[in-house]
Amino acid sequence: MENTRLTAAMEWTLKKILITGGAGFIGSHLCERLLREGNEVICVDNFFTGAKRNVVHLMQSPYFELMRHDVCFPLYVEVDEIYNLACPASPIHYQHDPVQTTKTSVLGAINMLGLAKRVKAKILLASTSEVYGDPAVHPQTEGYWGNVNPIGPRSCYDEGKRCAETLFFDYQRQHGLDIKVARIFNTFGPRMMPDDGRVVSNFIVQALSGKPLTIYGDGSQTRSFCYVDDLVDGLIRLMNSPSTTPNPINLGNPGEFTVRQLAEKVLQQVGGDSELQQKPLPQDDPRQRQPDIGLAREMLGWAPKVPLDQGLEHTIGYFRNLLAGAD
Ligand code: NAD
Ligand code: UDP
Ligand code: UDP
């Protein structure tokens with residue numbers, strides 16, 4: 001990394017940034033970018049869905065630190081900023097141990113907020129478009145309160161994040177914390193796990209292996225897919241925004257596609273002769289999802305730059321290498 005030969009005085013001035021869930025998909029890209037920009041990064045992860053291999057290339061930097069730790073337990077470190085990303089994000093992972101998922105969101109938020117309060121750090125929550133549930137308002141604006149089933153199989157994730165948001169706003173009101181809440185929409189890119197069941201990784205891996213692409217339901221449900229570099233840029237802009245910037249803020253790519261359209265795009269780029277295979281639609285699967293990013297545009301000067309086709313190209317390249325055993 002660039003900042004490997006610093007004097008003690010220079011080291012003192014480095015911003016110290018804690019990233020929980022830093023060894024996961026989005027977290028590893030965030031660690032990489034913040035380290036590259038000359039910060040000191042502490043990555044905390046319990047490796048439930050993340051992995052050392054996602055950040056191993058950062059370990060040669062003396063300004064990168066990897067800690068195995070579960071955010072359900074208190075953490076005492078001295079930092080200037082906290083990005084709280086720890087939480088499994090794909091349905092098969094967060095439904096594997098739903099009680100643990102709620103604990104991670106809620107206890108993780110309490111511990112990281114307690115830490116932020118003690119050290120007077122800015123703190124950002126990686127919240128989710130899932131707080132809108134199966135939305136009755138389209139596209140989703142931050143003012144929409146959502147349509148979430150509180151007792152279904154997705155609830156541990158959705159309600160866990162909703163409770164985390166509540167905690168963030170209560171710590172702001174009660175203790176004056178400088179909080180940032182990002183409602184992240186479907187994000188994709190290199191370092192997604194090949195077997196975590198998310199639609200982009202599933203389709204790419206299936207197409208590359210010549211297997212049928214599994215369409216859940218009739219494939220008419222929609223999602224909006226943001227490339228990970230754009231998302232990371234949005235998170236950093238949000239963290240650096242003035243404390244008066246309104247929260248929460250949607251971060252996502254407003255380009256909306258049906259699942260079937262996504263399958264066709266993947267097939268077009270990968271080539272091969274995979275078929276489309278229909279499978280049952282999971283319970284509570286939202287019918288549509290598209291972010292209104294007016295607030296992010298206005299307050300952060302942010303909008304995604306990478307079109308879906310280009311993002312897919314990078315991601316297909318990553319999975320091609322991975323399946324060939326080269327990554
Ligand atoms: P991911 O599963 O790749 O990363 C989550 C990371 O958190 C993993 O490294 C995992 O090991 C770690 N983790 C889980 N429980 C933990 C615990 N108790 N203590 C410490 N670490 C723990 O998922 P991701 O896609 O990188 O998502 C990162 C964050 O962004 C999550 O909070 C997720 O809810 C949010 N988000 C992601 C998306 C998306 O499309 N990827 C969309 C909306 C919100
Ligand atoms: N906490 C932490 N690191 C710190 C400070 C606090 O992990 O540096 C945890 C601690 O376990 C506490 C939680 O954050 O239970 C909430 O802290 P807060 O000060 O808000 O409340 P407390 O429960 O201590 O009254
Ligand atoms: N999906 C699909 N085939 C798959 C995986 C997912 O049709 O192999 C659908 C899923 O039912 C949902 C959409 O793709 O409608 C996005 O699913 P994902 O798990 O990626 O994200 P989320 O549902 O959390 O938005």
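View 1. The largest nonpolar core comprises 84 residues, and Cys31, Val41, Ile82, Ala182 and Leu235 have the most contacts inside it. Such a core is a set of buried Ala, Val, Leu, Ile, Met, Phe, Trp, Tyr and Cys residues joined through C-beta atoms within 7 Å, where buried requires 20 or more other C-beta atoms within 10 Å of the residue's own, C-beta atoms being placed from the backbone. Helix α6 (residues 199-208) gives the most to this core, with 7 residues. The model is predicted: local features need pLDDT of at least 70, side-chain atom pairs count only at pLDDT 80 or more, and totals for chains, interfaces and linings use all residues. Residues are numbered from 1 along each chain as its sequence is written.

**View 2. Packing of helices α6 and α10.** The axes of α6 and helix α10 (residues 308-323) come within 10 Å and cross at roughly 55°, the axes being lines fitted to C-alpha atoms over the stretch in contact, with angles running from 0 to 180 degrees between N-to-C directions. Val200, Ile204, Val205 and Leu208 of α6 meet Thr315, Ile316, Phe319, Arg320 and Leu323 of α10, contact meaning C-beta atoms within 7 Å.

**View 3. Packing of helices α4 and α5.** Helix α4 (residues 98-119) and helix α5 (residues 155-175) pack at an angle of about 15°, with their axes 8 Å apart. That makes α4 roughly parallel to α5. Contributors to the contact include Pro98 and Lys117 of α4 and Cys156 and His175 of α5.

Technical notes: Chains lettered and ligands numbered in written order. Helix = DSSP H or I, 4+ residues; strand = E, 2+ residues; numbered from the N terminus. Parallel < 35°, antiparallel > 145°, perpendicular 65-115°, else oblique. Contact = placed C-beta atoms within 7 Å. Buried ≥ 20, exposed ≤ 12 C-beta atoms within 10 Å, placed from the backbone.
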